[in-house]
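Hi,

Here is the structure I promised to pass on.

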Amino acid sequence: MTSRLQSSAGASAWALALLCLLGCESPWDSATCADEGTDLTYESFGRGFIGAYCQSCHASNAGDRRGAPTGISFDTHEDVVEWMDRIYDRSAGENVSMPPGPDDPPEAERQKLAEWLACGAP
Ligand code: HEC
């Protein structure tokens with residue numbers, strides 16, 4: 001009896017550890033920049049992407065932030081660099097939780113965002 005209890009406790013510990021492996025690791029942890037780096041820059045890509053898809057809510061001069069936290073604005077290149085790990089987790093590559101709703105950027109744009117951020121958002 002005791003041993004059965006112990007082994008089921010062991011099994012749930014394993015299940016938790018497994019869940020954490022899947023769910024606790026940030027996708028940002030595995031973001032890698034290719035050896036050749038990226039041609040994308042804030043001027044050529046980042047400013048336009050953030051402007052088109054994020055600043056309607058995440059800008060200090062946004063008319064209606066629609067619930068976007070007041071402290072989280074992406075007005076400048078510096079702001080984007082400061083928030084880059086969270087931006088990656090919410091919007092880059094396979095991550096589609098931002099922007100909320102149906103106005104999603106096309107997948108190719110999200111892939112570019114992933115590349116640009118993984119290379120340090122130059
Ligand atoms: C329609 C308005 C809207 C747009 C557009 C929008 N957001 Fe948000 N954002 C929100 C709201 C509301 C929250 C707070 C709720 C939440 O975190 O889901 C938020 C929270 C966040 C946060 C803070 C929470 C966290 O996970 O750290 C980040 C980062 C973020 N958004 C990134 C982005 C990025 C990047 C874009 C553009 C690709 C974007 N958002 C576009 C409304 C918006």
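Helix α4 passes helix α5 in a left-handed crossing (left-handed if the near helix is turned anticlockwise from the far one by less than a right angle, right-handed if clockwise). The axes of α4 and α5 come within 10 Å and cross at roughly 155 degrees; axes here are lines fitted to C-alpha atoms, for helices over the stretch in contact, with angles from 0 to 180 degrees between N-to-C directions. That angle makes α4 roughly antiparallel to α5 (under 35 degrees counts as roughly parallel, over 145 as roughly antiparallel, 65 to 115 as roughly perpendicular and the rest as oblique). On the α4 side the contact is made by Met84, Ile87, Tyr88 and Ser91, and on the α5 side by Arg110, Leu113, Ala114 and Leu117; two residues are in contact if their C-beta atoms, placed from the backbone, lie within 7 Å. By class, the contact of α4 with α5 has six nonpolar, one polar and one charged residues (Ala, Val, Leu, Ile, Met, Phe, Trp, Tyr, Cys and Pro count as nonpolar, Asp, Glu, Lys and Arg as charged, and the others, Gly among them, as polar).

Before going further, a word on the source. This is a predicted model, in which local features need pLDDT of at least 70 and side-chain atom pairs count only at pLDDT 80 or more, while totals for chains, interfaces and linings use all residues. Residues are numbered from 1 along each chain as its sequence is written.

As for the overall layout, the protein has five helices and zero strands, and from the N terminus on its elements run α-α-α-α-α. Helices (H or I, at least four residues) and strands (E, at least two) are DSSP runs, numbered from the N terminus. Of the 122 residues, 16% count as buried; a residue is buried if 20 or more other C-beta atoms lie within 10 Å of its own, exposed if 12 or fewer, and partly exposed in between, with C-beta atoms placed from the backbone. Among contacts between residues at least 6 apart in sequence, 56% join residues at least 24 apart.

Back to α5, which also meets α2. The axes of α2 (residues 42–53) and α5 (residues 107–118) come within 11 Å and cross at roughly 125 degrees, so the two helices are oblique to each other. This crossing, too, is left-handed. Phe45, Gly46 and Phe49 in α2 meet Glu109, Lys112, Leu113 and Trp116 in α5. Sorted by class, the contact of α2 with α5 has four nonpolar, one polar and two charged residues.

Leaving aside neighbours within four places in sequence, Phe45 is in contact with Leu40, Lys112 and Trp116.

Which residues of α5 are buried? They include Leu113, Ala114, Glu115, Trp116 and Leu117, and what covers the buried residues of α5 includes α2 and α4 (84–91). The length of α5 also checks out: at 1.5 Å a residue its 12 residues should span 16 Å, and its end C-alpha atoms are 16 Å apart, which agrees. The expected span is 1.5 Å times one less than the number of residues.

- Just after α5, Gly120 takes a positive phi of about 95 degrees.
- Ala121, in the segment after α5, has a phi near 55 degrees, a positive value in a residue other than glycine. With 20 C-beta neighbours inside 10 Å, Ala121 counts as buried.
- Arg66, in the loop between α2 and α3 (77–82), has a positive phi near 45 degrees. Arg66 counts as exposed, with 12 C-beta neighbours inside 10 Å.
- Met98 and Pro99 are joined by a cis peptide bond, with omega about -10 degrees. Pro99 is found in the loop between α4 and α5.

Lastly, Ala68 lies in the loop between α2 and α3 and is buried, with 20 other C-beta atoms within 10 Å. Leaving aside neighbours within four places in sequence, Ala68 is in contact with Cys57 and His58.

Best wishes
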